[in-house]
Amino acid sequence: MMAIYSPLRSYQAMLFVPLPFVVAILLLVLFVTVLRRDEETQPNRPFLALILLAVLQSVLSGLRWGYGVQAVGVIAPVTAAMVPPLAYAGVSRLVRTSWRPLAVRIALHAVPAAVILLLMVVWRDVIDIALVLVFVGYALAILLLMRPGADALRLAPFEGAVPAYRAIIFAAVALCLSASVDIFVFLDFTWAHGEHALTLISVSNLAILVILGIAAAAASRSRAPAETMEAALKPETTEDKETIATVDALMEAKRLYRDANLNLDRLARKAGIPARQISTAINRAMDKNVSQYVNDYRIGEACRLLASTQKSVTEVMFEVGFQTKSNFNREFRRVTDMTPLAWRQKKGGAGFPPVSS
């Protein structure tokens, strides 16, 4: 992604000239789709901005490498420096609330672009190195946020945690890959006069833009897999049992799992227990993350409703707290090894599984 900004000694025609513009159109369609999907909820604005920036980057790539518009080289490094901060800001909105005012946060995330803009004026030769540091630095910062695993996404609804977690990891890897491409192109221009750079840039930059765009769209939905084994390696404590008992009682009495927007932060407030304590207790005692724990309750009730009522699968899905069929079917298979329809046909009105497993 960043490598399109290295100065060229000569112009060559880009492979598949219209491809960057096709990619830009596809990313724009993705942006509209995400915007419509999230129109009734609070959108993750940094992720939306990241998709739009990917559109812009794709257009700039096409102009620079497809049509030799050299003026793009002045804009592209600055816009490239905005990509990692937007990715980090989007992840942060799923991980934790910020005590800093909005203006301060914007100013902090604008620092990389401001530095690159300054280097454009005073020291252009180090721009590629600076961009590599920005991309790698933010990628490591994102991975650091994700260290707790599934339950790092405290502010994300439980239903969407797994795809979001995976998308965030893909985004971090894409940032590192972009830095690697830029290093390769820099070395290629230094040692081989750019002999291989054009082909690499033509393919890899567009692939990275697509990965980042799709990752941003997926992460804005939210959800995550099992967290690290750090807690699971420690024995269950009395505090863990008390914590789980409190949360169990709350789930059974108030059926919090029916709340489609339930997240770890909200669950912690309802239980009056720190989020980290809940996450650690469930992971250590039950060998699962909080998302799976809550979805076990949802699937347990779904099983009973499918066996004892005439409600459709879709009606049951919404009633127990799921919002999408893909997530509902995936979690149903995880818990029962069956599809909802197969469960209904097999169980009929007899026998119900436990609510939690």
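How many salt bridges does a search of the whole structure find? The search turns up 10, a salt bridge being a side-chain nitrogen of Lys or Arg within 4 Å of a carboxyl oxygen of Asp or Glu.

Before you start clicking: this is a predicted model, where local features need pLDDT of at least 70 and side-chain atom pairs count only at pLDDT 80 or more, while totals for chains, interfaces and linings use all residues. Residues are numbered from 1 along each chain as its sequence is written, and side-chain values use heavy atoms, with hydrogens and water left out.

**Stop 1: Arg284 and Asp240**

Select Arg284 and Asp240, and you have a salt bridge whose closest N and O atoms are 2.8 Å apart. Arg284 sits in helix H11 (residues 275-286) and Asp240 in helix H9, so the pair ties together parts that are 44 residues apart in sequence. Helices here are DSSP runs (H or I, at least four residues), numbered from the N terminus. Arg284 counts as buried at 18% relative accessibility, and Asp240 is buried too, with a relative accessible area of 2%. For these labels, buried means under 20% relative accessible area, exposed over 50%, and partly exposed in between (1.4 Å probe, protein chains only).

**Stop 2: Arg255 and its partners**

Now pick Glu301 and Arg255, whose side chains meet in a salt bridge (3.9 Å, N to O). Glu301 belongs to helix H12 and Arg255 to the loop between H9 and H10, so this pair ties together parts that are 46 residues apart in sequence. Glu301 counts as buried at 3% relative accessibility, whereas Arg255, at 39%, counts as partly exposed. Check the backbone of Arg255 while you're there: its phi is near 50°, a positive value in a residue other than glycine.

**Stop 3: Asp296 and Lys288**

Next, show Asp296 and Lys288. Their salt bridge has its closest N and O atoms 2.5 Å apart. Asp296 counts as buried at 1% relative accessibility, and Lys288 counts as buried at 9%.

**Stop 4: the aromatic pairs**

Switch to rings. The structure holds six aromatic pairs. Rings of Phe, Tyr and Trp (its six-membered ring) pair if their centres lie within 6.5 Å; planes under 30 degrees apart count as stacked, over 60 as edge-to-face and the rest as tilted.

Tyr257 and Tyr297 make a stacked pair, 5.6 Å centre to centre with 20° between the planes. Tyr257 is in the loop between helix H9 (238-254) and helix H10 (264-271), and Tyr297 is in helix H12 (residues 290-308), so the pair ties together parts that are 40 residues apart in sequence. Tyr257 is buried, with a relative accessible area of 3%, and Tyr297 is buried at 1%.

Move on to Phe328 and Phe332, an edge-to-face pair at 5.7 Å centre to centre and 65° between the planes. Both lie in helix H14 (residues 325-336), four residues apart, about one turn of the helix. Phe328 is buried, with a relative accessible area of 0%, and Phe332 is buried with 0%.

Over the face of Phe322 lies Arg298, at 5.5 Å from the ring centre. That label requires NZ of Lys or CZ of Arg within 6 Å of the ring centre and within 35 degrees of the ring normal.

**Stop 5: the cores**

Which residues have the most contacts inside the largest nonpolar core? They are Val91, Ile142, Met146, Leu153, Ile168 and Leu175, in a core of 27 residues. Helix H2 (45-67), helix H4 (83-95), helix H6 (127-145) and helix H7 (161-192) each supply at least two residues of this core. Apart from it lies another core, of 21 residues, including Leu256, Val290, Tyr293 and Val294. A nonpolar core is a set of buried Ala, Val, Leu, Ile, Met, Phe, Trp, Tyr and Cys residues joined through side-chain atoms within 4.5 Å.

**Last stop: Asp337**

Finish at Asp337, in the loop between H14 and helix H15 (340-347). Its phi is near 60°, a positive value in a residue other than glycine, and Asp337 is exposed, with a relative accessible area of 68%.
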